[in-house]
Amino acid sequence: MIPATVPTDELLARHGRAVMQTYGAAEQVFVRGDGVALFDAEGRPYLDFLCGLAVTSLGHAHPAVTAAVAAQAATLVHTSNLYVTSPAVELAERLARITGWADARTFFANCGATANEAALKLARRHGKRQHPDKVRVVTLEGSFHGRTFATLEATGQAAKHAPFEPLLGVVDTVPFDDPAALRAAVGDDTCAVLLECVQGEGGVRPVPDEVLIAARAACDAHGALLIFDEVQTGIGRTGPWFAFQDTPVVPDVVTVAKALANGLPIGACVAHGPAATVLDRGEHASTFGGNPVVCAAANAVIDTIERDGLLVHAGRISEAIVSGISELAATVALVRGIRGRGLLLGVELASPVAAAVASACRDRFLLVNAVAPDVLRLAPPLIATEQDVALALAALREALDAVAATQGSAAPAPTGQENA
Ligand SMILES: Cc1ncc(COP(=O)(O)O)c(C=O)c1O
């Protein structure tokens, strides 16, 4: 085991040798987390306004999650899906309650991509029951759905496809804000439309309601399933439990992952209506799916959000951030405005320096990331306080000033992180 006192430089060098280098070059080590803070090896606290990419919504080491994990780990860690355990059943019932779908059924996966993979297989079975060729999927440009072969193809970002082509060849991608293009792309050979209500990795871009309405109508007209990828938006990130609950549209299937177990690996594909019973015995499986420890953590997450009124609290924190960034936009030339919903927010910059600003924020002990060359993502925990927001805004203002001062100088801009 690596002791927490291992020097940061040494650990980074060993990481470079022992771990496949598929992510952006890491420069930072953390050894501990507590609430909104992550601590480096020197014990310095960083205000975590990124939450491990919208994951640790209850903050780090939340006592309710820690207690649930410890109790379940001391009781029963794994059985396989040959047997039934109570935490998974209780979690599926909670998901039915918070989606508002009394007849919902859940398939448990291990992450966002595998939750989407389950949804895509479900959609294919649904399609093939109608016609052998009803296998195509429509997605939106700029979307992000994962890195497995099917979810990579569904991800509307050509640069991510290129090194792995040929892909399956069953996905049609349309602009994210064009209802007519979406309607035209959906046909009798479409088994599903898959989209995010707010594109997270695609730059914190809310998809217009007209596109969601067009997707629902096109799916209904052609016997296709509407799948909302709520991997990033779900569990209160954008306000309600699920982002779709703020829209005029109800999907057939939602996928959820990231924040569901506050950092333990989990994914869930939740379907209702006829979609809930499409997959038959033996048609999909996962060794770790429904693991008692991660499901116990997820049950504690949902209960804590309800008990502590965190959806309402997070709404107030969102308003504080939006008003703070709007003030910045009025006084700092580099800031154009803010977009997004709830606590999934994008600070729009006037030039493509988001990675440099994120780096300058880290120098000031604030963690955020560049989600587009000119958009900085803020995804603070639902437990953040107004005092945390004030500290974050002060650090952000300093970082913006520092980057503005170097603009036009020869200083090289740091590259963006490639983590999703
Ligand atoms: C909307 C969305 N879907 C799917 C994924 C993939 O999730 P994972 O990395 O857990 O496989 C992500 C990850 O960022 C995401 O934001």
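1. A friendly place to start is the aromatic residues: the count comes to four aromatic pairs, where rings of Phe, Tyr and Trp (its six-membered ring) pair if their centres lie within 6.5 Å. In one of them, the rings of Phe 30 and Tyr 46 have centres 5.1 Å apart and planes at 80°, so this pair is edge-to-face. For the labels, planes under 30 degrees apart are stacked, over 60 edge-to-face, and the rest tilted. The pair links distant parts of the chain, 16 residues apart: Phe 30 sits in the loop between α1 (8-18) and β1 (32-34), and Tyr 46 in strand β3 (residues 45-48).

2. A word on the model before going on. It is a predicted one, in which local features need pLDDT of at least 70 and side-chain atom pairs count only at pLDDT 80 or more, while totals for chains, interfaces and linings use all residues. Residues are numbered from 1 along each chain as its sequence is written, and side-chain values use heavy atoms, with hydrogens and water left out.

3. Strand β3 also belongs to an open sheet of four strands, ordered β1-β2-β3-β15, with mixed pairing. Strands here are DSSP runs of E with at least two residues, helices are runs of H or I with at least four, and both are numbered from the N terminus. Two strands pair if DSSP finds at least two bridges between them. The edge strands are β1 and β15 (366-367), each pairing on one side only. β3 and β15 pair in the parallel sense over two bridges, and Asp 48 has Leu 367 of β15 as its bridge partner.

4. Another open sheet has four strands in the order β13-β14-β17-β16, with antiparallel pairing. At its edges are β13 (335-341) and β16 (369-372), each of which pairs on one side only. Neighbouring strands in this sheet are turned by 35° against each other on average, direction ignored. Inside the sheet, β14 (residues 344-349) and β17 (residues 375-378) pair over four bridges in the antiparallel sense; Leu 345 has Leu 378 of β17 as its bridge partner.

5. Which helices lie across this sheet? Helix α11 (residues 310-331) lies across β13, β14 and β17, at about 160° to β13. Helix α12 (residues 354-363) lies across β14, β16 and β17, at about 165° to β16. Axes are lines fitted to C-alpha atoms, for helices over the stretch in contact, and angles run from 0 to 180 degrees between N-to-C directions. Contact means heavy atoms within 4.5 Å.

6. The axes of α12 and helix α13 (residues 386-406) come within 8 Å and cross at roughly 125°, and the two helices are therefore oblique to each other. Angles under 35 degrees count as roughly parallel, over 145 as roughly antiparallel, 65 to 115 as roughly perpendicular, and the rest as oblique. The contact is made by Ala 356, Val 357, Ala 360 and Cys 361 of α12 with Leu 396, Ala 399, Leu 400 and Val 403 of α13. By class, that is eight nonpolar, no polar and no charged residues. Ala, Val, Leu, Ile, Met, Phe, Trp, Tyr, Cys and Pro count as nonpolar, Asp, Glu, Lys and Arg as charged, and the others, Gly among them, as polar.

7. α11 and α13 pack at about 25° with their axes 10 Å apart; they are therefore roughly parallel to each other. Residues in the contact include Ile 317, Gly 324 and Thr 331 of α11, and Glu 386, Leu 396 and Arg 397 of α13. The contact divides into nine nonpolar, two polar and two charged residues.
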